[in-house]
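Here is a short tour of one protein chain. Look at the structure first, then read on with it in view.

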Amino acid sequence: MKQILYTESPFGTVGIAEDGRGICALFFLRGEKPEGYTEAETPLLRRAARELAEYFSGERRAFDLPLSLEGTAFQRADWAALCEIPYGETRSYGQIAARLGNPKACRAVGMANHRNPVAILVPCHRVVGKNGSLTGYAGGLDVKEGLLALEKRCGG
């Protein structure tokens, strides 16, 4: 059974979920709460909420949470590559595709980023268009812009 904790952020309500093995979802709540979760405050969810608050206050640059991510081999490789992008920096979809060994896989990278179940923890907000433009973010481009500004302001 998946358990979820809702917490407030500078960008609205965030849902953080765990499945007994690790954090399996982190998302900005837009509209109705999703089904399939039991609201709870487990030690792991409290820890995740604390680390997230530290990130938003500029005190944390990296997360130390167990993750439980399900995806294809390509998605998991993409998410691992995203975790290598340093705090406060960005990479283009093309750079991530090249890092994964297929420079023409920009769209596949975009789709894998879209399927990222743990926004912020796996920093898909650090991926931008070829010319540096902000493109695609499940939390909204305003949130993506805000996260990048936060990291830049806090020493990234």
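## Cysteines

A disulfide is a pair of cysteine sulfur atoms within 2.5 Å. A search of the whole structure finds zero of them. Cys106 is in no disulfide, and the nearest cysteine sulfur, in Cys124, is 16 Å away.

Cys106 is partly exposed, at 30%. Cys124 counts as buried, at 10%.

## About the model

This is a predicted model: local features need pLDDT of at least 70, side-chain atom pairs count only at pLDDT 80 or more, and totals for chains, interfaces and linings use all residues. Residues are numbered from 1 along each chain as its sequence is written, and side-chain values use heavy atoms, leaving out hydrogens and water.

## The annotated site

UniProt, in an unreviewed entry, places the feature "active site" at Cys124. UniProt positions follow the numbering used here, feature names are shortened, and annotations may be inferred rather than shown by experiment. Cys124 sits in the loop between α4 (106-114) and β6 (127-128). Helices (H or I, at least four residues) and strands (E, at least two) are DSSP runs, numbered from the N terminus.

What does Cys124 touch? Contact means heavy atoms within 4.5 Å. Not counting residues up to four places away in sequence, Cys124 touches Leu82, Asn113, Asn116, Tyr137 and Lys144.

The unreviewed entry also has the annotation "domain: Methylguanine DNA methyltransferase ribonuclease-like", covering residues 6-69. This span is 22% helix and 31% strand, and its end C-alpha atoms lie 19 Å apart.

## The nonpolar cores

In soluble globular proteins, nonpolar side chains tend to be buried together. A nonpolar core is a set of buried Ala, Val, Leu, Ile, Met, Phe, Trp, Tyr and Cys residues joined through side-chain atoms within 4.5 Å. The largest one here has 35 residues. Those with the most contacts inside it are Ile16, Ile23, Leu26, Leu82, Ile120, Tyr137 and Leu147. Elements giving two or more residues to this core include β2 (12-18), β3 (23-28) and α5 (141-153). The largest share, seven residues, comes from α1.

Take Leu147. Leaving aside its neighbours within four places in sequence, Leu147 is in contact with Phe11, Phe28, Tyr55, Phe56, Ile120, His125 and Tyr137. A second, separate core of six residues includes Ile4, Tyr6, Ala25 and Leu29.

## Two domains

The domain assignment gives domain 1 (2-57) and domain 2 (73-154). Such bounds come from an automatic or database assignment. The C-alpha centres of domain 1 and domain 2 lie 21 Å apart. Their contact takes 10 residues from domain 1 and 14 residues from domain 2.

How much area is buried between domain 1 and domain 2? Buried area is the accessible area (1.4 Å probe) that two parts lose on being put together, summed over both. Here it is about 1100 Å², of which carbon and sulfur atoms give 72%. In domain 1, Phe11, Leu26 and Tyr55 lose the most area to domain 2, together 54% of what that side buries.

Note on methods: Buried < 20%, exposed > 50% of the residue type's maximum accessible area, 1.4 Å probe, protein only.
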